[in-house]
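The sequence and structure are shown first.

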Amino acid sequence: MESLSQGCVHFREFIGANDAALASYRTIYRYLVKPPPIDEARKIRMRLCVCQVCFSHNSRLLTCLSCVYFGCHGKSTHMQSHYDQHPDHILAVELVCGNVYCWKCRDYIYDSRIDAVMKEVEQALTGRPVPGGLCISTWYLQ
């Protein structure tokens, strides 16, 4: 596993090789992790955010950052099965908080670009700037 100060090399390679990757993360975060508080957005989220194998609304649901696949992570290993079938699909977004999971590192990762997207979306939703150094969920509840 990579050192925390360097971040995940797999994420850096994925972003570097794919101009649309950060835009994909932004779309997932904006519409599936933090959808606007309107009924239509909530209906879309409820319809899309289910495991494509067991149709569960599991709280540990992930979506692949390389394709449009949703799968459970935890007791069910449907997301793991997706990675096993597509070993180049190494990154997934957890849909409760928007954290990114790397299958090669076997851990959630941190990257300042992910943090910047989260802050950008939170500010767009609330109209308030997100202070530096403050956990977004803590800030959101204030």
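In this predicted model, L91 counts as buried, its relative accessibility being 1%. The residue belongs to strand β3. With residues up to four places away in sequence not counted, L91 touches F11, F14, T63, C64, L65, V100, Y101, C102, W103 and I109.

L91 is also among the residues with the most contacts inside the largest nonpolar core, together with F11, Y25, L95, V100 and I109; this core has 37 residues. Two or more residues of the core come from each of α1 (9-17), α2 (21-33), β1 (61-64), β2 (70-72), α4 (78-85), β3 (91-94), β4 (100-102) and α5 (112-126). The most are given by α2, with seven residues. Nonpolar side chains tend to be buried together in soluble globular proteins.

For F11, the contacts beyond its neighbours within four places in sequence are L22, L91, V100, I109, D111, R113 and I114.

How many disulfides does the structure hold? The number is zero. For C54, the nearest cysteine sulfur is that of C72, 3.5 Å away. Because a disulfide requires sulfur atoms within 2.5 Å, C54 is in no disulfide, and C72 is likewise in none. The accessibility of these cysteines is tabulated below.

| Residue | Relative accessible area | Class |
|---|---|---|
| C54 | 36% | partly exposed |
| C72 | 1% | buried |

Note on methods. Residues are numbered from 1 along each chain as its sequence is written. This is a predicted model: local features need pLDDT of at least 70, side-chain atom pairs count only at pLDDT 80 or more; totals for chains, interfaces and linings use all residues. Side-chain values use heavy atoms; hydrogens and water are left out. A nonpolar core is a set of buried Ala, Val, Leu, Ile, Met, Phe, Trp, Tyr and Cys residues joined through side-chain atoms within 4.5 Å. Buried means under 20% relative accessible area, exposed over 50%, partly exposed in between (1.4 Å probe, protein chains only). Helices (H or I, at least four residues) and strands (E, at least two) are DSSP runs, numbered from the N terminus. Contact means heavy atoms within 4.5 Å.
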